[in-house]
Amino acid sequence: MIEIMDVHKSFGPLEVLKGINLTVEKGEVVSVIGGSGSGKSTLLTCINGLEPINSGRILVDGVEVHAKSTDLNKLRRKIGIVFQQFNAFPHLTVLENVTLAPRKVLRMSKAEAEEIAVTQLTHVGLADKLAVYPGRLSGGQQQRMSIARALAMSPAYMLFDEVTSALDPQLVGEVLDTLKLLADDGMTMICVTHEMTFARDVSDRVAFFHKGILAEIAPPDQFFTAPQHPEAQAFLSNVR
Amino acid sequence: MFDTAMTLNDLLFLMKGAGMTLAVTFFAVIGGTALGLLFGVIRAQLNPWAVLPLTFVLDVFRSVPLLIQLVLANAFQSIAGLQLPPFATSCIVLALYTSAYCTEIVRGAIDAVPSVTRRAARSLGLTWGQDMRFVVFPMALRVALPSWIGLTLGVMKDSALVLWLGLIELLRSGQILVTRLQEPMFILLVVGAIYFLMSFPIARLGGQLEKRWREND
């Protein structure tokens, strides 16, 4: 369970999160939508401790992320994150990209790590690209590789930060299909996304962010048919 | 025109000088690279204000002519009673000089690694050290290599200045032969050719590595 309690976060004078409260249960898929600059992506990087917070608490399975005593490297093993920008390790093959963390962080043997990597890469449809360097992959393939790389750590939670935003339109589908597969497998996911169809079809709840505030959160049926918050209404009429 | 008084023994004498040039260059580049790595990581990772003294000292090493550094260092070590042989003094000064340039190469190469790639590495649970070792350094190496090869070749040529501390390296050997044989053109041609033969493999090695890495992109 991820518990976000009254989290405030500023970059210099700019307050990007203004007291966020959100609880994500095990097995739940929450889509986070909202305009740019609304703090959606920042929230994700706060959840796995890549960004410090100014006040409030974030608990992952009861462990406080920003407590000084928390071993972030250990905590991050169970929180996978995939970013909007491609971030493959360009000097490693696809297989090596995926085996790096299991081998160095979980201290698996090469054979063990490769077995897991091949399983995950097959899962995302890259079984034929094991020996290829990321520079030769399409954007969609790179994003799927990043997903497999995160999954190889057997995380309990997956955070997706606009993973399709940098992709050509024809490549978006293949990545969303991968996310759907994951959701069907029961993975707990928080997806920051601009894909309304995805948010509607896959998520259990949709969270609408506006200017650093969680303005509305509701099941997708309710949110997309009858949004309560005026900003949510305006946002939906714009994206439709 | 092709008559020369230069003998095989003279050529061996030049080779000995070349050996000295290689030795000084080797220690300067090894020492300078090790220090440059350390300082470069510090410069790239720490607050610029915190490392201002280091930056200043390195700027001094980059700005003051190497010849002055060599002569002053030699004078100071003798005043301080360190009794360092000229070879050691030369290697130390050249290593510091090299490190000042190498620091900037390393810092630039580390800065060239996209922050999102490093975030991805850390988000997988890699520690700072593992991120550095398995992600940042291999990626930075590809950026740094051409400049580092250039630095190494530059240091090899700059190392000729150690002749002012009395070391008989390649250029000094050539001068000695010129004085004795009075054939400056021919001897300088030979000396230049030896410098080229020493530099060429290093330059080629760099080219080969770059080509191999490029094939992966």
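Biologist: In this predicted model, how many bridges join β6(A) to β7(A), and do the two strands run parallel or antiparallel?

Modeller: Four bridges join β6(A) to β7(A), and the two strands run parallel. Looking at one position along them, Ile81(A) stands opposite Leu159(A), which belongs to β7(A).

Biologist: What is the order of the strands in the open sheet?

Modeller: Reading across the sheet, its six strands come in the order β6-β7-β8-β3-β9-β10 of chain A, and the pairing is mixed. The edge strands, each of which pairs on one side only, are β6(A) and β10(A), the latter formed by residues 213–218. From one strand to the next, the twist averages 15°.

Biologist: Which strands does α6(A) touch where it packs on the sheet?

Modeller: Helix α6(A) touches β3, β7 and β8 of chain A, and its direction makes about 150° with that of β8(A).

Biologist: Now to α5(A): what span should its 13 residues have?

Modeller: The general idea is that an α-helix has 3.6 residues a turn, so residues three or four places apart point the same way. In this case, at 1.5 Å a residue, helix α5(A), residues 139–151, should span 18 Å, and its end C-alpha atoms are 18 Å apart, which agrees.

Biologist: Why is α5(A) described as largely enclosed by the rest of the structure?

Modeller: A residue counts as buried if 20 or more other C-beta atoms lie within 10 Å of its own. Because 12 of the 13 residues of α5(A) are buried, the helix is largely enclosed; among the buried residues are Gly140(A), Met145(A) and Leu151(A). What covers the buried residues of α5(A) includes strands β6 and β7 and helices α3, α4 and α6 of chain A.

Note on methods: Residues are numbered from 1 along each chain as its sequence is written. Chains are lettered from A and ligands numbered from 1 in the order in which they are written. This is a predicted model: local features need pLDDT of at least 70, side-chain atom pairs count only at pLDDT 80 or more; totals for chains, interfaces and linings use all residues. The expected span of a helix is 1.5 Å times one less than its number of residues. Two residues are in contact if their C-beta atoms, placed from the backbone, lie within 7 Å. Two strands pair if DSSP finds at least two bridges between them. Axes are lines fitted to C-alpha atoms, for helices over the stretch in contact, and angles run from 0 to 180 degrees between N-to-C directions.
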